Amino acid sequence: MALIACGAIAQPAAAVVDRNGWPVDVHPLPPLLHNHPDRIADQVRALAERLGRSYGRVVVGYADCGTYGALDSVCDDLGLQRLPGLHCYDVYAGRSRLERFFDEQPGTYLLTDFLVRSFDRTVVRELGLDRYPELRDTYFGHYTRVVWLAQEPDEELRALAADAAEGLGLPLTVVETGDHGLEQALADLVRPAV
Amino acid sequence: MTPDDILKALYDETLVGNAPRVLELTEEGLGLSMEPQTLLFDALIPSLEEVGARFERGDFFVPEMLIAGRAMAGAMERLRPLLAETGVETIGKFLMGTVKGDVHDIGKNLVNIMLEGAGFEVIDLGVQVAPEKFVAAIEEHQPDIVGFSAFLTTTMPMFKANMNALEKAGIRDEVIVMVGGAPVTQEYADAVGADGYAADASQTVKRAKSLIEAKRTKVPA
Ligand code: B12
């Protein structure tokens with residue numbers, strides 16, 4: 001079986017697959033697609049069609065991820081299943097917990113281990129904050145806190161998360177989610193075939 | 001520099017977001033007695049439209065768009081009072097806000113810049129605007145159009161909540177409602193009962209103009 005995975009969850013997904021001994025190969029797509037969600041559906045379609053020739057079953061390791069339904073159309077078309085929810089934050093923390101965070105403080109900016117580790121590339125450089133540091137307030141002026149949904153918070157990641165929040169000028173809240181949410185969601189995807 | 005050089009340079013420097021240079025060129029143009037409208041309609045607005053087109057094509061991403069918008073906004077600051085003096089008629093009043101629960105405002109701000117450039121009076125309520133606040137602001141400012149902006153699947157339903165609040169306050173028919181933002185489609189706009197939708201800033205200007213036109217020429221039944 002093939003799992004098409006957003007680059008932002010490919011690593012933890014592969015770890016979950018290994019741990020459970022599932023007969024699944026993980027095929028990542030570039031994580032930076034997250035910033036160009038209009039391209040996700042087409043890329044998933046192309047990869048799914050290609051993988052479909054060599055695998056008995058293909059599943060999609062993306063949530064809606066800002067495709068606003070376009071990915072669902074591809075899944076319907078090709079008979080694929082995807083991760084539940086709107087984005088990986090839902091998968092890690094659960095929808096209701098996220099709703100609570102946003103109710104408490106609408107100006108909540110979420111990070112995952114992936115985003116913490118790649119912050120300079122996926123956030124700072126993509127938003128142009130390296131070239132135009134003065135844009136920070138244009139982007140984040142209305143934000144009040146960073147919530148890090150932490151999968152495996154070690155010392156190194158904690159330091160990076162603290163740096164990231166400081167760079168944005170926002171207080172950091174750490175919420176340890178582990179990868180149970182992801183494991184559960186992936187189990188639901190692969191189960192029928194295992 | 002000749003006026004033509006100025007227009008060309010103004011276009012190019014806005015495109016790359018060189019705000020200080022854009023302001024200088026604006027001054028120089030005015031120094032040569034060029035009309036503020038000429039600077040606006042023959043350089044600044046076409047440049048920002050090109051920025052929008054490049055964004056659509058994926059050649060530009062958000063930061064490029066932001067610095068170009070900022071450069072144009074700087075020039076607007078300088079031109080605004082002059083435009084008012086030259087008696088250019090405002091096309092209409094546009095009240096704008098990002099819906100409750102959402103703090104994405106880049107798209108909205110860009111729309112505002114283009115609306116202003118095109119001759120609208122824009123009142124920006126900022127982000128996280130609750131339905132009651134839209135209602136109060138409509139009653140206070142009596143705009144021709146109110147615009148709701150949303151960027152999250154979870155905040156789009158606020159469009160409907162806003163519409164309900166307008167109905168309840170009995171002001172739904174007094175104002176044209178436009179909606180927009182990355183997740184929004186024409187179908188969605190229709191479903192919530194909005195009068196208009198637009199996918200980007202320049203289309204918003206066109207749509208807003210035609211909606212106002214239609215409303216003003218409509219003979220009351
Ligand atoms: C920049 C950005 C941010 C910035 C926002 C900065 C700011 N001050 O606005 C930052 C990094 C802070 C951010 C935060 C978040 N974001 Co964000 N963000 C984006 C991104 C990359 C671009 C959006 C943007 O500004 N585009 C630029 C403008 C110019 O684009 P535009 O849509 O073309 O705008 C035009 C039209 O929409 C229209 N328009 C806009 N408003 C209106 C109004 C009217 C009335 C009309 C007629 C027209 C109109 O005209 C505009 C100008 O041409 C998108 C992904 C994408 N590429 O779309 C994600 C995206 C919107 N974000 C997303 C998410 C999930 C978030 C976060 C929850 C993520 C997090 N890590 O916490 C938070 C939100 C927190 C909150 N409470 O709101 C998701 C939404 C997914 C979903 N299903 O809801 C997206 C799609 C990314 C993704 N792939 O998942 N984000």
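## Interface, salt bridges and cobalt site

B:Arg70 and A:Glu134 join their side chains in a salt bridge, with N to O at 3.2 Å. The model is predicted. Its scores are ipTM 0.83 and pTM 0.90.

**The interface.** Across the interface of chain A and chain B, the rule finds two salt bridges. Four residue pairs are in polar contact there, with both residues at pLDDT 80 or more. On the side of chain A that touches chain B, eight residues are nonpolar, six are polar and six are charged. Chain A brings 20 residues to the contact, and chain B brings 19 residues. About 1700 Å² is buried between the two chains. Carbon and sulfur atoms give 64% of that area. Which residues of chain A lose the most area to chain B? They are A:Tyr68, A:Pro106 and A:His142. Together these three account for 33% of what the chain A side buries.

**Salt bridges.** Over all chains, the structure holds 26 salt bridges. Side chains of opposite charge can pair when their charged atoms come close. One of the pairs lies within chain A, where A:Arg45 meets A:Asp77 at 3.1 Å, N to O.

| Salt bridge | N to O distance |
|---|---|
| B:Arg70 and A:Glu134 | 3.2 Å |
| A:Arg45 and A:Asp77 | 3.1 Å |

**The cobalt site.** Which protein residue donates to the cobalt atom of the ligand? The only protein donor is B:His104, through NE2, at 2.4 Å. B:His104 is found in a loop of chain B. That loop runs between strand 1 (92–98) and helix 5 (106–118) of chain B.

**Confidence.** Chain A has a mean pLDDT of 94, and 98% of its residues reach 70 or more. For chain B the mean pLDDT is 93, and 98% of its residues reach 70 or more. Among the elements of chain A, strand 5 (residues 145–150) has the highest mean pLDDT, 98. Helix 5 (residues 95–104) of chain A has the lowest, 93.

Technical notes. Residues are numbered from 1 along each chain as its sequence is written. Chains are lettered from A and ligands numbered from 1 in the order in which they are written. Side-chain values use heavy atoms; hydrogens and water are left out. Donors are N, O and S atoms within 2.8 Å of the metal (3.2 Å for Na, K and Ca); water is not among the atoms, so sites may look incomplete. Helices (H or I, at least four residues) and strands (E, at least two) are DSSP runs, numbered from the N terminus. Contact means heavy atoms within 4.5 Å. Buried area is the accessible area (1.4 Å probe) that two parts lose on being put together, summed over both. A salt bridge is a side-chain nitrogen of Lys or Arg within 4 Å of a carboxyl oxygen of Asp or Glu. A polar contact is a pair of N or O atoms within 3.5 Å; within protein, one must be able to donate a hydrogen and the other to accept it, and residues adjacent in sequence count only if both atoms are side-chain atoms. Ala, Val, Leu, Ile, Met, Phe, Trp, Tyr, Cys and Pro count as nonpolar, Asp, Glu, Lys and Arg as charged, and the others, Gly among them, as polar. pLDDT is the predictor's confidence in each residue, from 0 to 100.
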